[in-house]
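Colleague: I am new to this structure and would like a close look at a single part. Please take the disulfide bonding, and then the sheet that you can describe beside it.

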Amino acid sequence: MTPVRVALVALAAVSLLPGASSGAEPLCQVRVLLEPDVAVVGEQIVYRLQILRQADVESVRFARDLGFPSFRTEWLPGQSPDAAIADVGDHALIFEERRALFPVRAGELEIPTASLACVRAAETVEVEVPATRVRVRELPAAGQPPGFGGVVGPVAVQAHLSSDRVALGQSLALTVTVRGAANAWDAATPFDPARDLPGVDVYAHPPATEREAGRRLEVRRYFSYELVPRTAGAYAIPALRVPYFDPGRERYDIAEA
């Protein structure tokens, strides 16, 4: 049965320092959302820490930093405001700390507590950021295609050849790009010279990775090769394929250039 994916929402309790009225509206509150809160190893999870504060609060800073054990963590830009929290009364969203998390192992993984210091004049309120849990499953063994390197996608593959003609003794460039909101850094090269292009000397450059941080993390993995034919003639570069697991459809698939 495919698990139902929901956003996990936690509203932190607010701790006031001595002298503050227990009945007063809290200076700051936080909410944590995980999208999704059930994932597979390598799948991107967006962690959203919404920080709400009263209008006269002067500053908010971390008293105890966020930590994400058992995840590969990538920064995402914060967002403000968010109409989804318009029901919070006198509070306004001043910042949303966001991270792209990629679990590296299966199990019930915990994101530990952190805390914020919320300052107004001479008053400081410490707010706990609650711990959250993510249930992470192993990738299924059934249906795993040959050459699968652990990419959890979906991803797309593009190939570009610098020219379709080359003089004997000269070279041309082949570039293959794997991209998507996925752990594309785990993509194995889709081009095997001995298998895909016999009769041509191939010189591979080290692969490169680029990240684009938005609402989610987009990753591009570049593979580059110099091709030098040994003899005159016609050569065909076959389709280049990258297997990946699509968590939305709970199945393996293959991206092809």
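Modeller: A disulfide here is a pair of cysteine sulfur atoms within 2.5 Å. The structure, a predicted model, holds one such disulfide. Its partners are cysteine 28 and cysteine 118, with sulfur atoms 1.7 Å apart. The link joins distant parts of the chain, since cysteine 28 lies in strand 3 (residues 28-35) and cysteine 118 in strand 10 (residues 114-120), 90 residues apart. Strands (E, at least two residues) are DSSP runs, numbered from the N terminus. About the S-S bond of cysteine 28 and cysteine 118 the torsion is about 50 degrees, so the disulfide is right-handed. Both cysteine 28 and cysteine 118 are buried, meaning under 20% relative accessible area with a 1.4 Å probe, protein chains only (exposed is over 50%, partly exposed in between).

Now the sheet. Two strands pair if DSSP finds at least two bridges between them. Three strands, in the order 4-12-9, form an open sheet with mixed pairing. Strand 4 (38-40) and strand 9 (107-111) are at the edges with a single partner strand each, so one side of each has no neighbour in the sheet. From one strand to the next the twist averages 35 degrees, taken between N-to-C directions of axes fitted to C-alpha atoms, on a scale from 0 to 180 degrees. Strand 9 and strand 12 (residues 132-137) run antiparallel and are joined by five bridges. Glycine 107 is opposite valine 136 of strand 12.

Residues are numbered from 1 along each chain as its sequence is written, and side-chain values use heavy atoms, without hydrogens and water. In this predicted model local features need pLDDT of at least 70 and side-chain atom pairs count only at pLDDT 80 or more, while totals for chains, interfaces and linings use all residues.

Methods: Helix = DSSP H or I, 4+ residues; strand = E, 2+ residues; numbered from the N terminus.
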